[in-house]
Amino acid sequence: MRKVIAYFIKHSVAVNVVVVGFVIFGIFGMLSLKSSFFPLTDSKIININATYPGASPQFLEEM
């Protein structure tokens, strides 16, 4: 580990090249990420909840 640190102390240009490389690959990786608020897959299960105090399930089904 000391040899690596000593190398980078002697060759500061190498440190700058490594840092610029990390920044460039980080920006490229950030721009290539795909994200969305809702998932892109179709849902096969639909769940519906209805609250109607005093009503029977049959009455809610017919509404």
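Biologist: Happy to look at this predicted model with you. What makes up the span of residues 12–33, and how far apart are its end C-alpha atoms?

Modeller: The span is 95% helix and 0% strand, and its end C-alpha atoms lie 32 Å apart. An unreviewed UniProt entry lists residues 12–33 under "transmembrane region". Helix α2 itself covers residues 12–32.

Biologist: Let's pick a residue there. Why is M30 called exposed?

Modeller: M30 has a relative accessible area of 55%. Exposed means over 50%, so M30 is exposed. This residue is found in helix α2. For a sense of scale, M30 and V20 are ten residues apart in sequence, and their C-alpha atoms are 15 Å apart in space.

Biologist: And V18, why does that one count as partly exposed?

Modeller: V18 is also a residue of helix α2. Its relative accessibility is 40%. Buried means under 20% and exposed over 50%, with partly exposed in between, so V18 counts as partly exposed.

Biologist: Good. Which residues form the nonpolar patch on the surface?

Modeller: V4, Y7, F8, V18 and F22 form the patch, with about 490 Å² of accessible area together. Patch residues need over 30% relative accessible area. V18 has 40%, Y7 has 44% and F8 has 33%.

Biologist: Which helix gives the largest share of the nonpolar patch?

Modeller: That is α1, with three residues. Helix α1 spans 2–10, and both α1 and α2 supply at least two residues of the patch.

Biologist: How many aromatic pairs does the structure hold?

Modeller: There are two aromatic pairs. One of them is formed by Y7 and F8, at 5.6 Å centre to centre with 65° between the planes.

Biologist: What makes Y7 and F8 an edge-to-face pair?

Modeller: Two values are needed, because a pair of aromatic rings is described by the distance of the centres and the angle of the planes. Centres must lie within 6.5 Å, and planes over 60 degrees apart count as edge-to-face. At 5.6 Å and 65°, Y7 and F8 therefore form an edge-to-face pair.

Biologist: How do you know that Y52 and F59 are edge-to-face?

Modeller: Their rings are 5.7 Å apart centre to centre, with 90° between the planes.

Biologist: Are Y52 and F59 buried, exposed or partly exposed, and why?

Modeller: Y52 has a relative accessible area of 43%, and F59 has 41% relative accessibility. Both values fall between 20% and 50%, so Y52 and F59 are partly exposed.

Key: Residues numbered from 1 in each chain as written. Predicted model: local features only at pLDDT ≥ 70, side-chain atom pairs only at ≥ 80, totals over all residues. Heavy atoms only, no water. UniProt positions renumbered as here; feature names shortened; annotations may be inferred. Helix = DSSP H or I, 4+ residues; strand = E, 2+ residues; numbered from the N terminus. Buried < 20%, exposed > 50% of the residue type's maximum accessible area, 1.4 Å probe, protein only. Patch = residues over 30% accessible without salt bridge, like charges linked within 9 Å, V, L, I, M, F, W, Y side chains within 5 Å. Areas by Shrake-Rupley, 256 points an atom, 1.4 Å probe, with all protein chains shown as cover. Salt bridge = Lys/Arg side-chain N within 4 Å of Asp/Glu carboxyl O. Phe/Tyr/Trp six-rings, centres within 6.5 Å; stacked < 30°, edge-to-face > 60°.
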